[in-house]
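This briefing sets out selected geometric features of one structure for computational work.

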Amino acid sequence: MPIRSILAGAGGYLPERIVTNDELARTVDTSDEWIRERTGIKQRHFAGPHETATFMGTEAARAALAHAGAEVADVDAVILATSTPDQAFPSTAVRVMAALGVKGGFGFDVAAACAGFIYALSVADGMIRAGQAKGVLVIGSEVYSRILNWEDRGTCVLFGDGAGAVFLRAGDGSGTDRGILSTHLHAQGTLGDILYVDGAVGQRGKPGHLVMNGREVFRHAVTRLAEAVDEALNANNLTRADIDWLVPHQANQRIIDGMGRKLGLAAERVVVTVDRHANTSAASVPLALNEACQDGRIKPGDMVLLEALGGGLVWGSALVRM
Ligand code: COA
C-alpha cells in the first residue's frame, strides 16, 4: 500500500507586540507610504524577550495538534525550519519536543532561510513515505527582529517574527488523492551573496545582521518561483486550472501578485498575510496556510500550491490535496 503524508492540521503563533510602519518611521528613515507601495506591508509582529523560536514554535505546534485532533503521543518526529534558533544546539526542534512532552522519536532543525518550511515539509514527506515516521510536526519559527540591521532601511522594514506549524499523518494512499502530492527543492549556492547574514555563532563576536541586494533577489524570485510552480504542475499532470489556492512565501505583495497572475488565479484565491505579518521567513507559508484553514477558505479536498524562496539561494514548491 503506498503511504501518503496527510496534512491533518495547522497552527500558528504571532508575538503580542504589533509594530506599524508609522511606529517604525519614528526611529528609521522611512515612511508608511514607501513601505506600503514597494512591499504591501502595513505592520509586523516583533517578539518580546520570552517569545523565542522555541516558545513560538511550541505554541504553533500545540495549535496544529489541536486542529488535527491529535495528541502529543501521536508525534514521533519534529522537523523545524529556522535561521534564528535560540542556541547552536540543542536544535530548536528538540527544545520544542521537550516543551511539548514528546517521549521518544527524533527531531532536528532545517536551515534553508525563507524556503525552510518547504524544505522541512519535503524531508518530512520523504520520511513518512519511507516508513520512518507516522506523525510529524513540521514547524517554521523565526525571530528575524534579532538579526535585523536597524541602520539599513532597505531591509529592517521588511521582516517580522512568528511561527507556523502543520501536523502530518501517514495515511493510506490507495483510493485517495489526499495528502502531499509532490515537493520540489532547488538551490544555487553561487547566489549566496545576494541575501545572507554576515555572521554566526562560529564567528567570534559577530552574531551577524541580514544583508540583501533587494533588486537581485526580486529578479531571481520572480523567475525561480515561476519555474517551481510549473515543475509542480507538470510532475502531477495538472494544469493551472486545477489549483484552488496559492499559499506563497510572504515577502512582497508585488512578487505574490506576479505568481497569482502566472497561475491565472483570482486575487481572492491567493492567501496573503504579508500586509499584517511582513516577511516571517520560514514561518510565512505555514502562518498563511493556517490562517486560510482556520477561517474556512481552504477546505478538505482543495488543491493547494505552496512556494517559497530564500537566501542561498534556495527555493521550492509543494502540491497538497487537503
Ligand atoms: N524607506 C524609504 N526609502 C527607502 C527605503 C525605506 N525603507 N529603503 C530603500 N529606500 C530608498 C533607497 O535608498 C533608494 O533611494 P535612492 O533612489 O535615493 O537611492 C530607493 O528607495 C530605491 O531603493 P531600491 O532598493 O532600489 O528599491 P526597490 O524598488 O528595489 O525596492 C525592495 C526595495 C527591498 C522593496 C525590493 O527590492 C524587494 O522587494 N526585493 C525583494 C526582497 C525580498 O523579497 N526579500 C526576501 C526574499 S526571501
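Helix α4 (residues 92-100) lies across β4 (77-81), β5 and β6 (135-143), and runs at about 140° to β5. The model is predicted: local features require pLDDT of at least 70 and side-chain atom pairs count only at pLDDT 80 or more, whereas totals for chains, interfaces and linings use all residues. Residues are numbered from 1 along each chain as its sequence is written, and side-chain values use heavy atoms, with hydrogens and water left out.

**Sheet and covering helices**

- Five strands form an open sheet in the order β1-β7-β6-β4-β5, with mixed pairing; two strands pair if DSSP finds at least two bridges between them.
- Helices (H or I, at least four residues) and strands (E, at least two) are DSSP runs numbered from the N terminus.
- The edges are β1 (3-13) and β5 (106-110), each of which pairs on one side only.
- On average, and ignoring direction, neighbouring strands of this sheet are turned by 20° against each other; axes are lines fitted to C-alpha atoms, for helices over the stretch in contact, and angles run from 0 to 180 degrees between N-to-C directions.
- Ten bridges join β1 to β7 (residues 161-172) in the antiparallel sense, and Arg4 has Gly171 in β7 as its bridge partner.
- Helix α5 (residues 116-129) lies across β1, β4, β5, β6 and β7, at about 165° to β6.

**Nonpolar cores**

- A nonpolar core is a set of buried Ala, Val, Leu, Ile, Met, Phe, Trp, Tyr and Cys residues joined through side-chain atoms within 4.5 Å; buried means under 20% relative accessible area, exposed over 50%, and partly exposed in between (1.4 Å probe, protein chains only).
- The largest nonpolar core has 44 residues, of which Val157, Ile243, Leu246, Leu263, Leu305, Leu309 and Leu319 touch the most other members.
- At least two residues of this core come from each of α7 (214-235), α8 (253-263), β12 (303-310) and β13 (314-321), with α7 giving the largest share, seven residues.
- Another core, of 39 residues, lies apart from it and includes Ala81, Val110, Leu121 and Val247.
- Beyond its neighbours within four places in sequence, Leu309 is in contact (heavy atoms within 4.5 Å) with residues including Cys114, His220, Arg224, His249 and Trp315.

**Aromatic and charge contacts**

- There are four aromatic pairs, where rings of Phe, Tyr and Trp (its six-membered ring) pair if their centres lie within 6.5 Å; planes under 30 degrees apart count as stacked, over 60 as edge-to-face and the rest as tilted.
- Phe46 and Trp150 form an edge-to-face pair because their ring centres are 5.7 Å apart and their planes stand at 85°.
- This pair links distant parts of the chain, 104 residues apart: Phe46 is in strand β3 (residues 43-46), and Trp150 is in the loop between β6 and α6 (153-156).
- Phe46 is buried at 6% relative accessibility, whereas Trp150 is partly exposed at 37%.
- Phe106 and Phe108 are stacked, since their ring centres lie 6.4 Å apart with planes at 5°.
- Phe106 is partly exposed at 26% relative accessibility, and Phe108 is partly exposed at 27%.
- The charged end of Arg269 sits over the ring of Trp245, 4.5 Å from its centre; the criterion is NZ of Lys or CZ of Arg within 6 Å of the ring centre and within 35 degrees of the ring normal.

**Gln294**

- Gln294 is in helix α10 (residues 284-294) and is partly exposed, with a relative accessible area of 45%.
- Not counting residues up to four places away in sequence, Gln294 touches Ala10 and His67.
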